[in-house]
Amino acid sequence: LQTLLRAPVSPHWDERALTSDIMRFDEACYLSDFVQFYRFMLSYLASGCFILLASGATHGALAANQLLGLNGTTAGYAVTGLTTSVLVPLLNVIHYQVVIKTNNYQLFREDSEREKDLFDRLFVFNLFNTYNSLIWIAFVEKNMEQLRVQVLFLLLSSIFINNLLEFYWSHSVKQLKKMGHSDAITSIRQMLRYILVGELEEGPIVPADPIKTALEHVTDEMTRDAAFELVDEAIELVIQYGLIMMFTVAFPLAPLLALVNVHIEKRLDAYKLVKLMQSPEPRMVVGMGRAFNAFVVVTGLGLLVSGLLLYFTQYPGGVCDSCTMFGNCGTCGGTSVELILPESSTEERLFLLAAGEHAMLMLMYACFTSASLGKDIIHEQYR
């Protein structure tokens, strides 16, 4: 410690040397306001570029229907959903790596500032990247059938593609680093097998050498990917929760697929934490952190978007005069409120829809304010 701190080697060494070095360290690492603002703008510009990429990817996936001549067909909806389900998790993974680099580049002096920047940029981009195609289909195309297929493919993407990308990104980084410490890899086939599976050719089982085992453990720790970030995992849950809150109207099986994804995610994160990534720094955490505010925002958006879906997004098909509020032929087209309230006027439908949404918002507010704990204590729990 004395060597690292450039402190004198003396039996009279005390905390004054440590204090002096800390002051010199702070002075050397101080960033001016201009430099901080420049790095801040550069970091947010990088995230803004990814938002433009996500917009282009969405419009490209939607335009694929017209290029293939599948516009308005179930096959065309599937092509759009499949394309989007691949691009969304891919952009999320790449953007996450860029955010980590630019977040470290800003050299925040406090952990709270670092986590705020990390959470805000990841949350805003993931929210836009996941929902922009759904919002476009719901309120520009106004096609409930296409929206249903799109929600299905995005949930399947979360279960399979997103989890595979998360796993193999960390796994491949670790295996590529380990390859530098191994002389047994002599062919491309062995290299690919080592990256994908993590094993070389089968060999005889020999008794473990204590020194070799210790060195293998050291190599394993040194070759792991970056530290496990709970922020990214919390954002995934918020985005999935918002998908359920906003678009269950279009695809009622969304909560079931989300439940399956949560169980897979739990096991995968446990394996990543133990085997693939560096252990996070132990620290005290109060409540859920910034994820709680994100859950509140997404809940409010869910109520708003669900109401707008019922009023604007249409099912394909004609309109018949035999359907009533208590009986529907199942083949009629129109918006959800038109199918639920076929005998009501436009003003009555709008009034009932707005009243129901406001009632749910008031219920949510009542749940926050009617707790036995005080308001300040509740905010402290989730700050």
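## H2 against H4

Helix H2 (residues 33-68) packs on H4 at an angle of about 15°, and their axes lie 10 Å apart. H2 is therefore roughly parallel to H4 (angles under 35 degrees count as roughly parallel). The crossing of H2 and H4 is right-handed. Contact means heavy atoms within 4.5 Å. On the H2 side, the residues include Tyr44, Phe50, Ile51 and His59. H4 contributes, among others, Asp117, Arg121, Phe128 and Trp136. The residues of this contact divide into nine nonpolar, eight polar and three charged.

## Basis of the model

This is a predicted model: local features need pLDDT of at least 70, side-chain atom pairs count only at pLDDT 80 or more, and totals for chains, interfaces and linings use all residues. Residues are numbered from 1 along each chain as its sequence is written, and side-chain values use heavy atoms, with hydrogens and water left out.

## Helix H4

H4 covers residues 111-141. At 1.5 Å a residue, its 31 residues should span 45 Å; the end C-alpha atoms are 43 Å apart, which agrees. H4 bends by about 45° at tyrosine 131 (the angle between axes fitted to the seven residues ending there and the seven starting there). Just after H4, lysine 142 has a positive phi of about 55°.

## H9 against H11

Helix H9 (residues 230-247) and helix H11 (residues 290-312) pack at about 20°, with axes 7 Å apart. That makes H9 roughly parallel to H11. Their crossing is right-handed. Leu237, Tyr241 and Met245 are among the H9 residues that meet H11. The H11 residues include Phe295, Val298 and Leu309. The contact residues of H9 with H11 divide into 14 nonpolar, four polar and no charged.

Note on methods
Helices (H or I, at least four residues) and strands (E, at least two) are DSSP runs, numbered from the N terminus. The expected span of a helix is 1.5 Å times one less than its number of residues. Axes are lines fitted to C-alpha atoms, for helices over the stretch in contact, and angles run from 0 to 180 degrees between N-to-C directions. Angles under 35 degrees count as roughly parallel, over 145 as roughly antiparallel, 65 to 115 as roughly perpendicular and the rest as oblique. A crossing is left-handed if the near helix is turned anticlockwise from the far one by less than a right angle, and right-handed if clockwise. Ala, Val, Leu, Ile, Met, Phe, Trp, Tyr, Cys and Pro count as nonpolar, Asp, Glu, Lys and Arg as charged, and the others, Gly among them, as polar.
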